[in-house]
Amino acid sequence: MPVFTLHEINKNPRLLPNISLGYRMYNSYSSEENTLQNYLWWLSGTDQLIPNYNCRERGKVVAVIGGATSALSVQMGSLLDLYHLPQITYGPFDPGLADKVQFPSLYQMAHKSSSLHRGIVRLLVYFQWNWIGLIVFDDLKGEEFLREMREEMKKNGVCVSYTEKIPLSDKKIRETAEAFKSRILISEVKVIVIHPETDSFTIMGLPSEFLFPTKKVWIATSHSDTTKRAWYSYGFTFHASLFFSHLTSPIPGFESLLRKVISPLLMRESFLQAHKPSSLKCSDQPDTPEQDLYLSNGSLKDLPFYPVDMTTSILGYNMYNALYAVAWALHEILMKRSEKRSLRNEESALPHSWQLHSYLKNTQFKNVVGEQVFVDENRRTEAHYAIMNYIYVNYYNDHLLYVGDFIPEAQLSEEFTICANVIVWNPWSSKVPSAVCSASCPAGFRKLPLEGKPPCCFSCSPCSEGEISSHMDAEQCKKCPEDEFPNEQRDRCLPKIVTFLDVNEPWGTAVTAVAILLSLLSALVLWVFVKFQDTPIVQANNRNLSYLLLTSLSSCFLCSLLFLGRPTPASCLLQQTVFAVVFTVAVSSILAKTIIVVLAFRVTGPGSRMRMFLHPRVPYCVVLICSGIQGLFCAIWLGTHPPFPEADTRSESRHIILTCNEGSAFAFYCVLGYMGFLALGSFTIAFLARNLPDAFNEAKFITFSMLVFCSVWVSFLPTYQSSKGKSVMIMEIFSILASSAGLLGCIFIPKCLVILLTSWENNTKQNKNQRSSRSKNSSSFKI
């Protein structure tokens, strides 16, 4: 490249007219000792190391072009800065070398590579690789690359399995190469990112026991090594590698020069065949059987690519620009001096090396391929990268395929392009390799972190009841809206079905039938009592109270029907209040009957003050007062927090149940508590009077009825609290029917059997005989 470039500069009449540039070429080494020795030989102009003395008779050195790596540039810069010699490096851009305080005489020609880590991570994310290895040089640039990669990978959910650092010295490389190569090649990690300066892949190609395909994907930040064909026997090891190579345009005439100088056989063995797609619209490209590449006579002629010139590497391209930068800086100096005409001879017109700095840092020009080149690092643009796929077929047949690019300065949607369908991965399968620590969690599951492991390593746990995850690798499951429920796979939400306790469903039909039958039975008992109202058993213990009790019981059975059907504001108001008032009337009627029974047998003396309570209006006053108090409770309830329709979305996972909310739980339990207080009073009084003598004594029947009533409602309270949805309404209906049926059965059914199955004449005569046998002091009352 220097020969070609200087020849092009010297024959350019518009650049340095009448002046020819020459060069001296020296090898650079990785060893600091050899590098320093070589530079001292060059500076002294002799084989003898004579610092600060130049034995060179001809030629004047104005600049040094060199530094393929940052380490070499630092070694050169420390020495050359003593002589104020400008050093123009053509290696990869290093932000540390841009410090003009530490390196005032050093200039870099490479484009900035501060976005390279973003491009690599974009590639990893595209192929869903989240478990990788990292290999870098053990220097500051390698540490900086590691830091940037880790930050970018953390943002995109990519984890590092291991990190290997390549030592810089040749001796340490040979000592540690086999060790870390063994760890890398036998590890389970399938994708390895390697950040070299120039020769890291050559290091990986050193003799090793791993002479078989390892099925690993290497992602490198340079393809310089591949153009040198350093691998040969290790081609399969590095098959399917992907390279982020700087996009460069071919320099006109350079390939023709190479073909003249280098024989075709040596050309084929020295450079890889490179191919570039006609466009990156991958879906429009025809499919090619990839297995043809691995036949003995396989070739790439059928691939949808055309050959392009890749002989100009990024190092050569930067060297080309560096030589032109020096030439243009010299040209500017000479033009300034020619205007002043202060010097007469040509030789003395050449400036000293230290004079070149002020012009070099401001030099800018457009090169032969049309790119604007700046020597000032602050004006340097980001590098554009071509993504290359290395394919190894056999010893004489390996290729680089242009499969994509990364343009950091482009729009976000256009900065990264990849033709995944044309990448040749391996000879065994066309499937994209997998590089994950844990298999993806399907929809319906969530990732469960593993203790002590990176975030990319996890287990999969099913979503909890009522939750879903609609995409793979969900971090958390989310709950469905209240009006929706998860499907069986728990990957999407389905709308809930609106339901209520309908008359047409089995429970509703059964409740309706039972309620109507019991109500009719109560009406039938009432008819029997009315028909046989003159019989002693009906007349005993106030038949009007019996009529009132039977009527209220019939209404109790029917009020259970208010709990059926779609809830409305009116039905919700009537459900609890009608039930409370009707039941209170029934219980207060029983309380009145119980009080009358006790008073009838306890008030024996004609002058007893208790006889005033045997007035016929007393039972009705008891019923009226007790029912009035309950009515007051209900009025307060309706006036403050009345019941209202409510959509219950939580009781059942797949249904929205329309129910009535009590409005105030305190008021509801107050109403129930008041009824319980009346029932408990009736039960206590009846229990104390159960052994009173009388042919038609109802105390025993009332005791049993109240025992059934209290048992039902005491069982209702805990069941009501633990029930949900329709079960709440069903339990309340059951309690209403069961307690009402208990009152009807225990108090009136025995009386009906006596009325219908016993001779009334005998019963009347027996009743008279029993009354005449009482003590003379006893008093008989018609109650």
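Lys 447 counts as buried, at 15% relative accessibility (buried means under 20% relative accessible area, exposed over 50%, partly exposed in between, with a 1.4 Å probe and protein chains only). The model is a predicted one, where local features need pLDDT of at least 70 and side-chain atom pairs count only at pLDDT 80 or more, while totals for chains, interfaces and linings use all residues. Residues are numbered from 1 along each chain as its sequence is written, and side-chain values use heavy atoms, leaving out hydrogens and water.

Lys 447 has a partner, Glu 475, and their side chains meet in a salt bridge (3.0 Å, N to O); the term covers a side-chain nitrogen of Lys or Arg within 4 Å of a carboxyl oxygen of Asp or Glu. Glu 475 is exposed, at 51%. The structure holds eleven salt bridges.

Another one joins Arg 490 and Glu 465 at 3.2 Å, N to O. Arg 490 sits in the loop between strands E20 (484-486) and E21 (493-495), and Glu 465 in the loop between E17 (458-462) and E18, so the pair ties together parts 25 residues apart in sequence. Strands here are DSSP runs of E, at least two residues, and helices are runs of H or I, at least four, numbered from the N terminus. Arg 490 is partly exposed at 25%, and Glu 465 is exposed at 62%.

Then there is helix H5 (residues 140-155), where Arg 147 and Glu 151 are four residues apart, separated by about one helical turn. Their closest N and O atoms are 3.0 Å apart in a salt bridge. Arg 147 is partly exposed at 39%, and Glu 151 is partly exposed at 43%.
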